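Thanks for coming. Please have a look at the model on the screen, and I will go through a few parts of it.

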Amino acid sequence: MTAEITIDKNAGFCFGVVKAIGKAEEELERQGKLYCLGDLVHNNAEVARLRSKGLQVVDRKMFEELHDTEVLIRAHGEPPMTYDVARQHNVRLIDATCPIVLSLQQKVRKGFEEMRQIGGQVVIYGLPGHAEVIGLNGQADNTAIIVSNIDDLVAIDVTKPVRLYSQTTKNREDYKHLAEELKRLMKNDDFEVYDTVCNSVANRAKELEQFAHEVDMLLFVAGEHSSNGRYLYDYCRRVQPNTYIIASENELKGEWLNGRGKIGITGATSTPRWLMEQVMECCEKLLAQKK
Ligand code: SF4
């Protein structure tokens, strides 16, 4: 049987990531070196490519020691504290925060100001420790209650007002379910839920469902720290049980290709297209060896 390999035409970076990488490349072209606070994208292969062009990733501790230089802020955004440190150390920030994240940060800030006046709580549905969540919590002076599942709702005082927001890359259905559960538990009527899931991720799920139906086996390419990668991979597996997640072509196993007529390759919103093309080339080589 001859296998047909297709790369999902809708796969690749979301516009927020495209914009951040574009800014990084522009600066690297201009000055040959640039600091970036945290991994620019949750994809090691793409970070390695940018490192080879002069990008230097610094963690928060290293960032606080920098002076008189330029630092790129990635699409996930940063808490206000980062901007304060930059001002004090004469660091010019090249801000590539995604406009959607920026707008969510403003919403959280507004909700926080409101809640502060009436003794209410800001709740964020997200992954504790995730860069975007750290940035959002900063808008609430680090007082937000972070919940990652229904069990975490016990941390909320249901007798007080609540404003609920979601990290942009969470599953919209799961968020809806959690919001309904919290509404059921609430003993205070002042409860507002904001739909802050990014459509780039929500729409990808629907497109992926279609693509996963069209193939016999799916290779999902994503970095291990990609939040939307994990969610979209789980989504694909529900539709197409023969779905395998890999970070690069090095993790591909020849036996997965046995007897497959249609092989699909797709990825997260942080997976570069060139990486999916490398996976495709590797599949072709492995299939040629089997002939
Ligand atoms: S997933 Fe959405 S919110 Fe996040 S960077 Fe991409 S476009 Fe922006």
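First, a term: contact here means heavy atoms within 4.5 Å. Also, keep in mind that this is a predicted model.

I start with helix α10, residues 273–290. The 18 residues of α10 span 26 Å from first C-alpha to last, close to the 26 Å expected at 1.5 Å a residue. Which residues of α10 are buried? They are L275, M276, V279, C282, C283 and L287. Looking down the axis of α10, these buried residues fall within an arc of 135 degrees, so they line one face of the helix. K285 and Q289, on the other side of α10, are exposed. What covers the buried residues of α10? The cover includes the helix α2 (44–52) and the strands β1 (4–7), β10 (217–221), β11 (243–246) and β12 (262–267).

Next, α2 and its packing with α1, residues 15–31. Their axes are 11 Å apart, at an angle of about 20 degrees. Angles under 35 degrees count as roughly parallel, and α1 and α2 are therefore roughly parallel to each other. The crossing of α1 past α2 is left-handed. On the α1 side the contact is made by I21, E25 and L28, and on the α2 side by E46, R49 and L50.

Last, two loop residues. Most residues other than glycine have a negative phi. N90, in the loop between α4 (80–88) and β5 (92–95), has a positive phi, near 55 degrees. N142 sits in the loop between α6 (131–139) and β7 (145–147), and its phi is positive too, about 60 degrees. Are they buried or exposed? N90 has 53% relative accessibility, so it counts as exposed. N142, at 56%, also counts as exposed.

Terms used:
Residues are numbered from 1 along each chain as its sequence is written. This is a predicted model: local features need pLDDT of at least 70, side-chain atom pairs count only at pLDDT 80 or more; totals for chains, interfaces and linings use all residues. Side-chain values use heavy atoms; hydrogens and water are left out. Helices (H or I, at least four residues) and strands (E, at least two) are DSSP runs, numbered from the N terminus. The expected span of a helix is 1.5 Å times one less than its number of residues. Buried means under 20% relative accessible area, exposed over 50%, partly exposed in between (1.4 Å probe, protein chains only). The arc is that of the directions from the helix axis to the C-beta atoms. Axes are lines fitted to C-alpha atoms, for helices over the stretch in contact, and angles run from 0 to 180 degrees between N-to-C directions. Angles under 35 degrees count as roughly parallel, over 145 as roughly antiparallel, 65 to 115 as roughly perpendicular and the rest as oblique. A crossing is left-handed if the near helix is turned anticlockwise from the far one by less than a right angle, and right-handed if clockwise.
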